[in-house]
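Q: I have a model open and would like to go through it piece by piece. Can you take questions as I go?

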Amino acid sequence: MRTIIRFAGFMSVFFIGFLIVNYFIFYGIASLFSITPGYIFYTLLIIAVISYPVAAMIERVVSNTATRIFYTGASAWMGISFYLLTFIIIYSLLSLVFKIPNEIAGIIIVSLTGILSAYSLINSLYLNINEIDIPLSHLKNDMRVVQLSDIHIGSIRNSSYMEKIVEKTNKIDPEIIFITGDMVDGSARLHTNTFNAINKLKAPVFFITGNHETYEGLDEVFRVLRNTHMTVLRDEMVECNGIQIIGVEYSFELNHMEKVLSTLNIDMEKPSILLYHLPRELKTVAKAGIGLQLSGHTHAGQMFPFNYLVRLMFKYMHGIYKYDGTYLHVSPGTGTWGPPMRLGSRCEITVITLKGEK
């Protein structure tokens, strides 16, 4: 029941916001091309506004090829509308200084939106393998590990995408695999067979929850993952290949990290890696003597210029950061959320060579 209430609340807020955005876009484009709003205009506006909420509700009840296509199209429209809105705002500002004929501006806006949308959709289909080196305190020998994050298995990315990730990861042949939250998307009902591919991974797998697991409901998520051969860490620590691996669950509490770490017996003379979905609280992690934190959540902004908004919310947005001898790596995500689009970022499997002390 709580999941349904959260979902309904999110959709209500989304609907109002998306209505305002689409109203601005439709009237902006209409004015540029001197179109008088009529029956067709308002029909298209209503379809554009309700497409995603309707598709999302259908997917929660029944999911098949037709509904997934509808959902994918509705999700893509969110990204397309974002580009249209951005270009219309830019035009409005430029028109205060420069005289630009409306029809020419309209053609340019529609053309640029089409080009960027096509590129973004195609770019999100590629799964990039990025190799980086990060020193790890007290590690004797180099170790090769993989970080996956924000896979968002649901209506758009399903079991076939999970198979693709597993195949590529096994070819890398890492010693340990870390999944730092948001394995599920929450767009479609979950099925146990969707995650069967995880059992084909050849290295030990450690998983911590993200915000989307919380939205879906942890009981439901753990139900579909219970037959997978991976270790779910819920505010606890285990040791694997000589490394202390600490998994902190996603939490809305700002001091949750400090509370969890204070209960764990972390040996500061051993190498340690902390998994936490949100890229924050690096100072707390460093204070606990942990060598490396792996996080996700930000998607590296996913779509330009949205990345600038994400950067306002998160100091650590993408890549490697260091504080007082402790490193943080923020993954750009292995999948996408919302629009299946990426501009200025890529879906990524991160291969990390942990550099030992010589």
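Q: Which residues are exposed on the other side of α5?
A: Ser160 and Lys171 are exposed there. Exposed means over 50% relative accessible area, buried under 20%, and partly exposed in between, with a 1.4 Å probe and protein chains only. This is a predicted model, in which local features need pLDDT of at least 70 and side-chain atom pairs count only at pLDDT 80 or more, while totals for chains, interfaces and linings use all residues. Residues are numbered from 1 along each chain as its sequence is written, and side-chain values use heavy atoms, with hydrogens and water left out.

Q: And which residues of α5 are buried?
A: Tyr161, Met162, Ile165, Val166, Thr169, Asn170 and Ile172. Seen down the axis of α5, these buried residues fall within an arc of 170 degrees, so they line one face of the helix. The arc is that of the directions from the helix axis to the C-beta atoms.

Q: What covers them?
A: The cover includes the strands β1 (127–135), β2 (143–148), β3 (176–180) and β12 (347–355). Helices (H or I, at least four residues) and strands (E, at least two) are DSSP runs, numbered from the N terminus.

Q: How far apart are the end C-alpha atoms of α5?
A: They are 20 Å apart, which agrees with the 20 Å that 14 residues (159–172) should span at 1.5 Å a residue. The expected span is 1.5 Å times one less than the number of residues.

Q: What follows α5?
A: Asp173, and its phi is positive, near 60 degrees.

Q: Which residues other than glycine have a positive phi?
A: Asn241 is one of them, with phi near 55 degrees. Asn241 sits in the loop between β6 and β7 (243–248) and is partly exposed at 44% relative accessibility. Asp324 is another, with phi near 50 degrees. Its loop runs between β10 (319–323) and β11 (326–330), and Asp324 is exposed at 65%.

Q: Switching to charges. How many salt bridges are there?
A: The structure holds 10. A salt bridge is a side-chain nitrogen of Lys or Arg within 4 Å of a carboxyl oxygen of Asp or Glu. Side chains of opposite charge can pair when their charged atoms come close.

Q: What does Glu220 pair with?
A: Arg223, with the closest N and O atoms 2.8 Å apart. Glu220 is partly exposed at 26% relative accessibility, and Arg223 is partly exposed at 32%.

Q: Where do Glu239 and Lys270 lie?
A: Their side chains meet in a salt bridge at 3.3 Å, N to O. Glu239 is in strand β6 (residues 236–240) and Lys270 in the loop between α8 (256–262) and β8 (272–276), so the pair ties together parts 31 residues apart in sequence. Glu239 is partly exposed at 49%, as is Lys270 at 31%.

Q: What about Glu253?
A: Glu253 forms a salt bridge with Lys259, the closest N and O atoms being 3.2 Å apart.

Q: Now the loop between β9 and α10. Is Thr298 buried or exposed?
A: Thr298 is buried, at 5% relative accessibility. Its loop lies between β9 (292–295) and α10 (306–313). Leaving aside neighbours within four places in sequence, its contacts (heavy atoms within 4.5 Å) are Pro279, Val310, Phe314, Tyr316, Met317, Val330 and Ser331.

Q: Which residues does the cis peptide bond join?
A: Phe304 and Pro305, with omega about 5 degrees. Pro305 is also in the loop between β9 and α10.

Q: Where is Met230?
A: In the loop between α7 (218–225) and β5 (231–232). Met230 is buried, with a relative accessible area of 11%. Beyond its neighbours within four places in sequence, Met230 contacts Ile179, Met183, Ile198, Val205, Phe207 and Leu225.

Q: Last one: which residues make the nonpolar surface patch?
A: Phe15, Ile16, Leu19, Ile20, Ile46, Ile50, Val54, Met57 and Phe70 make a patch of about 770 Å². Patches are made of residues with over 30% relative accessible area and no salt bridge, where like charges are joined within 9 Å and nonpolar side chains (Val, Leu, Ile, Met, Phe, Trp, Tyr) within 5 Å. Accessible areas come from the Shrake-Rupley method with a 1.4 Å probe, and for residues only the protein chains shown count as cover. Helices α1 (2–32) and α2 (39–61) each supply at least two of the patch residues.
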